[in-house]
Amino acid sequence: MRNRSHYILLANLFRYPDKEYKKNIEVCKQMLAKEYPLTFLKAMPFFEYIEKTDIDNIEEIFSMTFHIQAICFLDLGYVLFAEDYKRGDFLVKVKNEQLKVNNDCGDELADNLPNILTLMAKMEDMDFLDEFAIRIVKPALEKMLSEFDLARMALKNQVRLKKQRVLLETDEKNRNIYQYALQTIYDIVMEDFKHVKYNDPIIQPTLGNFMKNCNTGCGPTSAPQPIKN
């Protein structure tokens, strides 16, 4: 793998939907159809949803997936370390890597998934990129995908009802649609970095950080707190 510009297109899948969103997704769709045809076929439910849905409804599903009573969050440090001090250390290191390649992170944290993907397109140290992709991005995506398990989602809803006493109405039919987009990123990372081998332990999904202190063996339902510089 030499050309990594496709990661810039893939980043657009997870940017907050605006008036350019559908056009950007179409460009990404065409890239996948040409360069990763099998992954493209698996992602078709997502692309069909984007094509037929108005931007306001896409925005609602995006927010309900990643922001408000989220299924999972897009900040990789939180995904991997939750509120552990390691999250702050990780974010500082990612910021430094973003600065090295002059990657504009906009209003999001340096470890937000779109910023991570554009960073991967711009990294110059290929050995570091290999390790970053396999030891950071891959396990983070695995944890994010595990959050779409229907039983886990149902349990989260029970905890929210118990702690927050309200459960926002959602488009249940399309509630999981961004799972296809995350799976697309995961499949491409696995394909692009299949030559990289480490004997790392397999991360087992747990109910870990979501369910502490809820009297049901569960964890916090709040969104990740910002890191203090």
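**Notebook: helix packing, aromatic rings and positive phi**

**Entry 1. Helices α7 and α8.** I looked up how these two helices are set, and they are oblique to each other, because an angle is called roughly parallel under 35 degrees, roughly antiparallel over 145, roughly perpendicular from 65 to 115, and oblique otherwise. The model is a predicted one, in which local features require pLDDT of at least 70 and side-chain atom pairs require pLDDT 80 or more, whereas totals for chains, interfaces and linings take in all residues. I count residues from 1 along each chain as its sequence is written, and side-chain values rest on heavy atoms, with hydrogens and water left out.

The packing angle of α7 and α8 is about 45°, and their axes are 10 Å apart. I take an axis as a line fitted to C-alpha atoms, for helices over the stretch in contact, and the angle between N-to-C directions runs from 0 to 180 degrees. The crossing of α7 over α8 is left-handed, meaning that the near helix is turned anticlockwise from the far one by less than a right angle (clockwise would be right-handed). Val94, Glu97 and Gln98 of α7 make the contact with Asn115, Ile116 and Leu119 of α8; contact means heavy atoms within 4.5 Å. By class, three residues of this contact are nonpolar, two polar and one charged. Nonpolar covers Ala, Val, Leu, Ile, Met, Phe, Trp, Tyr, Cys and Pro, charged covers Asp, Glu, Lys and Arg, and polar covers the others, Gly among them.

**Entry 2. The chain as a whole.** I recorded 11 helices and zero strands for the protein chain. Helices (H or I, at least four residues) and strands (E, at least two) are DSSP runs, numbered from the N terminus. Of the 229 residues in the chain, 48% are buried. Here buried is under 20% relative accessible area, exposed is over 50%, and partly exposed is in between, with a 1.4 Å probe and protein chains only. Among contacts with a separation of 6 or more, 69% join residues 24 or more positions apart.

**Entry 3. What does α11 pack against?** I checked two partners of α11, namely α4 and α9.

- Helix α4 (residues 44–52) packs on helix α11 (residues 178–192) at about 130°, with the axes 8 Å apart. This angle makes α4 oblique to α11, and the crossing is left-handed. Pro45, Phe46 and Ile50 in α4 meet Tyr178, Tyr180 and Ala181 in α11. The residues of this contact are six nonpolar, no polar and no charged.
- Helix α9 (residues 126–146) crosses α11 at roughly 155°, the axes coming within 10 Å. α9 is thus roughly antiparallel to α11, again in a left-handed crossing. Residues in this contact include Val137, Leu141 and Leu145 in α9 and Leu182, Ile185 and Val189 in α11. The classes are 10 nonpolar, two polar and two charged.

I then followed the chain past α11. His195 lies in the segment after that helix and is exposed, at 51% relative accessible area. Between His195 and Asp130 there are 65 residues in sequence, yet the C-alpha to C-alpha distance is 9.0 Å.

**Entry 4. Aromatic rings.** I noted 12 aromatic pairs in the structure. Phe46 and Phe47 have ring centres 5.6 Å apart and planes at 70°, so they form an edge-to-face pair. The rings of Phe, Tyr and Trp (its six-membered ring) pair if their centres lie within 6.5 Å, and planes under 30 degrees apart are stacked, over 60 edge-to-face, and the rest tilted. Phe46 is buried at 1% relative accessible area, and Phe47 is buried at 3%.

Phe62 and Phe66 also pair edge-to-face, with centres 5.1 Å apart and planes at 65°. The two are about one helical turn apart because they lie four residues apart in helix α5 (residues 55–66).

**Entry 5. Positive phi.** Most residues other than glycine have a negative phi, and I looked up two exceptions.

- Gln69 is not a glycine, yet its phi is positive at about 45°. Gln69 sits in the loop between α5 and α6 (76–81). Is Gln69 buried or exposed? Gln69 is buried, at 12% relative accessibility.
- Asn102, likewise a residue other than glycine, has a positive phi near 55°. Asn102 is in the loop between α7 (85–100) and α8 (113–122). Asn102 is exposed, with a relative accessible area of 66%.
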